[in-house]
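Please keep the sequence and the model at hand while reading.

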Amino acid sequence: MPEKAKPAASQPIGIFDSGIGGLTVARAIKERLPKEKLIYFGDTAHFPYGDKSADSIKYYAIRIAQFMLDNNCKMIVIACNTASALAYDTVKDFVGKRALVVNVVEPVVSKITAKGHKHKSVGVIATKGTIKSDIYARKIKEADKAIEVTSLATPLLASMIEEGFFNNKISRSIINSYLEKPKLKKINALILGCTHYPLIKPEIEEFYKGKVELVDSSDEVAEFVYQQLKKNNLLNSLGNKPIHRFYISDYTEAFEKSAQYFFGGKIKLQEARIWK
Ligand code: DGL
């Protein structure tokens with residue numbers, strides 16, 4: 001099949017996640033790049049990705065990438081750590097030159113290993129899929145062998161947040177029982193390796209009381225998106241009050257309720273029946 005011509009600056013940015021977590025990334029991109037049109041896709045029909053096989057995640061990610069291409073996106077942001085860890089190369093190969101592809105792991109690794117950093121011992125909390133892939137430890141070690149990385153799968157957190165369950169007694173007790181694990185005792189920075197976790201950042205901050213630096217991907221990814229668009233002459237300088245579109249693959253009430261909170265503004269959800 002002949003490849004389409006290079007994308008143009010006026011085209012939208014596609015952003016996807018297994019659910020609403022990626023809206024934390026979409027929100028940061030909207031704030032950093034207010035002229036860009038965004039198309040968001042939450043694959044609620046297959047949430048959670050964290051417990052699925054790599055083959056399933058690759059399959060979902062390719063179908064969603066096709067949806068983004070059909071919607072004329074100039075860039076596809078994989079706003080999910082699990083899909084970034086397991087399907088980034090596959091999506092990049094599939095998309096080719098038709099759009100830029102960005103994952104959420106690289107910008108965080110760049111921040112942790114930036115010149116002059118003071119990170120000695122870094123913890124990572126994420127889904128089972130992300131932790132099993134060992135992506136953060138591998139990438140951090142590749143950039144700086146001296147940084148010690150301790151990873152912990154925290155599989156209950158994304159589902160808890162997706163259900164709108166945070167900032168209460170039960171969420172605090174689940175978060176604390178993970179963070180109290182002895183293996184995380186000596187870290188001086190913690191990567192929130194799941195795009196759902198910015199929603200529980202206040203509770204994690206409360207646990208560490210400022211003694212551990214918390215690193216989440218949203219602002220790092222937004223800056224990375226800006227740099228990539230600029231480098232490729234794809235920044236939309238003409239857009240004025242862009243209209244964003246939000247899709248989910250299966251309607252759930254929890255999504256409807258939490259989505260506005262995650263994105264920080266009014267949004268209208270549509271079901272994209274790409275699997276039905
Ligand atoms: N938001 C996804 C991530 O960043 C995790 C949620 C899931 O398990 O689907 O990994």
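## Model and ligand surroundings

The model is predicted.

The side chain of Ser18 has an N or O atom 2.6 Å from an oxygen atom of the ligand. For Tyr49, a polar backbone atom lies 2.6 Å from an oxygen atom of the ligand. With His196, a nitrogen atom of the ligand is 2.9 Å from an N or O atom in the side chain.

## Backbone features

Most residues other than glycine have a negative phi, and most peptide bonds are trans.

Pro48 belongs to the loop between β2 (38-42) and α2 (54-70). Asn167 sits in the loop that runs between α7 (156-162) and α8 (169-179).

## Helix α4 against α6

Two packed helices are described by the angle between their axes and the distance between the axes. For α4 (residues 105-112) and α6 (residues 135-143), the angle is about 45° and the axes are 10 Å apart. The two helices are therefore oblique to each other, and α4 passes α6 in a right-handed crossing.

On the α4 side, the contact is made by Val105, Val108, Val109 and Ile112, and on the α6 side by Ile135, Tyr136, Lys139 and Ile140. By class, this contact of α4 with α6 has seven nonpolar residues, no polar ones and one charged residue.

## Helix α4 against α10

Helix α4 also packs on α10 (residues 217-231), where the axes come within 8 Å and cross at roughly 100°. At that angle, α4 and α10 are therefore roughly perpendicular to each other.

From α4, the residues in contact are Glu106, Pro107, Val108 and Lys111; from α10, they are Ser217, Glu220, Val221 and Phe224. The contact of α4 with α10 divides into four nonpolar, one polar and three charged residues. Val108 takes part in the contact with α6 and in the contact with α10.

## Helix α1 against α10

How do α1 and α10 lie relative to each other? The axes of α1 (residues 23-32) and α10 come within 8 Å, crossing at roughly 50°. This angle makes α1 oblique to α10. The crossing of α1 and α10 is right-handed.

Helix α1 supplies Thr24, Val25, Ala28, Ile29 and Arg32, which meet Ser218, Asp219, Val221, Ala222, Glu223, Val225 and Tyr226 of α10. Seven nonpolar, two polar and three charged residues make up the contact of α1 with α10. Val221 of α10 is part of the contact with α1 and part of the contact with α4.

Terms used:
Residues numbered from 1 in each chain as written. Predicted model: local features only at pLDDT ≥ 70, side-chain atom pairs only at ≥ 80, totals over all residues. Heavy atoms only, no water. Axes fitted to C-alpha atoms, helices over the stretch in contact; angles between N-to-C directions. Helix = DSSP H or I, 4+ residues; strand = E, 2+ residues; numbered from the N terminus. Parallel < 35°, antiparallel > 145°, perpendicular 65-115°, else oblique. Left-handed = near helix turned anticlockwise from the far one by under 90°. Contact = heavy atoms within 4.5 Å. Nonpolar A, V, L, I, M, F, W, Y, C, P; charged D, E, K, R; others polar. Polar contact = N/O pair within 3.5 Å; in protein donor to acceptor, adjacent residues only side chain to side chain.
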